[in-house]
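Let us walk through this structure in two stops.

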Amino acid sequence: MRILGISAHYHDSAAALVEDGVPICAVQEERLTRRKNEAAFPLEAIAWCLDHAGVQPEQLDAVVFYEKPMLKFERILTMALRGYPRSWASFPRAMKNELGNKLWVKGTIASELGVPSSRILFTEHHQAHAAAAFFASPTRRAAILTADGVGEWATLSLGRGWIEDDGSASIELRRELRFPHSLGMLYSTFTAYLGFPVNEGEYQVMGLAAYGKPAFSDQVRRMVRRTPDGAFALDLSYFEFHEGARRSFSDRLVAELGPPRHPWDPIDPGTAEGARYADVAASVQLVLEEILVDLARSLHRETGLEDLCYGGGVALNGCANARILRESGFRNLYVPSAPGDAGCALGAALYADRLHFRQRHRAVPDHPYWGPEIDANDLARLAREDGLEVEQRAHEVDLIGSVADELAAGRIVGWMQGCTELGPRALGNRSILAAPHDAAMRDELNRRIKYREEFRPFAPAVPIEHAERFFELPPGGARLGRFMSGVFPVRREWRARLAAVTHVDGTARVQTVERAMAPRFHALLEAYGARTGVPVLLNTSFNLAGEPIVNRAIEGYSTFLRSGLDVLVAGNALVRKRRRVSAKPEEAVG
Ligand SMILES: [Fe+2]
């Protein structure tokens, strides 16, 4: 049975193909169209998935869209009517934008793919999140938590999933919170208030939070009232996003917290204004964590289960994830590599397979590498055309040795291996790697390559066998670090020697690398450790600011040429940048 899953028309469109219960491939549209956070119907991702799997559209048993468009329409219409007349102006805008596309998605799928409409299915948005988190985890019985901005109506759901011995699977989402009461919208509202782009600036809020103290937490707690059932309700007098206004927060919020930051204003936590922004970030981060920990704790009590599978965009918040793991009572916390809407393409396909068609559950390979594969020959050809020397190594150990030498010498390496990751993080297949020891390396990366704010930390990668030596991981922490989903303290004695990857509060979003999942990356970390005594590398996504993560060799090569990268590796091909030979003064005159 072949099922194509699709997510589209909001943020991070993607397609995924599941065959006989096992994912074959999945890719985000942005990696192919090269437009960051591409939201359009993912024609290129679909074409690539079908081509990669050698499947014709008519061979698909089902095409599954990751949410129910009519429910979403109902929500937007209801909110518009409820807020009338203030909200009425925004209704045509919502209709004209992506919602309009969504309503006609069945027609789009039928006409673009030539699939009869009887084979087009829809899951609910949070069912897709739940399936992406549960079915891809190595557990057969788990509590499930999903939290995001909003799907149709649900913004958060609580439940559980289980797989019987005969392979039949169930997902039961027992409770849900509905729009406008939303943790994702709360955090996004503060993202906008702090002058960062919503849907991608949330990382910046989390990074900035470490510089501040939660001095405004009482004010934020008033905006998010806790309800007797352990959930919460936003006090809507502080918010305007639900009315479709151009601004997501109200004058009342500004009166409590002070003026919002203009996106163009620099942030310096050393100034009074910058410190206030950091305090606001720390406050909303703290309140988010408190609510999530309480919800997870009560879910643990209710279910008595050891494992929690957690999806939705809020699950990208690594600081909150670490607290959930430490404080909720669950032994394991499984967050997929793509907990956001891109992962819903895979989640929707798996949901349809297990729950609509009642196919037996089959274990999903436990890795994030579902996209297009790198071709070393592409890089070799491109570089030779430009007259650069290409080393293509027959033996992996030689390649690893050369790259480890370069890294130990302080060079910055673009590293492309195997298949592209699904999800927003580079996990060793499309990564920029560098020595993690010196804060100067962090500044250089920010200046020469990433062109981004200094308060955003870089992440370390470490072989899982050595993780405990450098990082304070709670039980289950190494697993949470598999897809870089948790932020943990760097051991005090290592902070100075891991300065480029240690955040101002002494933490790091560590990736724990298992040999079985990423053998070449694991070998590189070990080889670097053999040279320096510290098997840790700085690992940041291979892209320039504002661009999606590189996918093919040509994008890696173009990024290499346009940035301060010293070395580029694709598969077994290695290219060094020509060193600029500075003319010595005596030669110049003599
Ligand atoms: Fe979502």
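The donor residues of the iron ion follow the spacing H-x3-H-x18-D-x192-D in sequence. D148 lies in the loop between β6 (141-147) and β7 (154-163), and D341 lies in helix α14 (residues 341-356), so the pair ties together parts that are 193 residues apart in sequence. Helices (H or I, at least four residues) and strands (E, at least two) are DSSP runs, numbered from the N terminus.

This is a predicted model: local features need pLDDT of at least 70, side-chain atom pairs count only at pLDDT 80 or more, and totals for chains, interfaces and linings use all residues. Residues are numbered from 1 along each chain as its sequence is written, and side-chain values use heavy atoms, with hydrogens and water left out.

Now the donor atoms. H125 (NE2), H129 (NE2), D148 (OD) and D341 (OD) coordinate the iron ion at 2.1 to 2.2 Å. Donors are N, O and S atoms within 2.8 Å of the metal (3.2 Å for Na, K and Ca); water is not among the atoms, so sites may look incomplete. D148 is buried, at a relative accessible area of 5%. D341 is buried too, at 10%. Buried means under 20% relative accessible area, exposed over 50%, partly exposed in between (1.4 Å probe, protein chains only).

Next, helix α15 (residues 376-385). Its buried residues are A376, L379, A380, L382 and A383. At the start of α15, a side-chain oxygen of D375 comes to within 2.9 Å of the backbone nitrogen of N377. After α15 comes G387, with a positive phi near 80°.

Key
A polar contact is a pair of N or O atoms within 3.5 Å; within protein, one must be able to donate a hydrogen and the other to accept it, and residues adjacent in sequence count only if both atoms are side-chain atoms.
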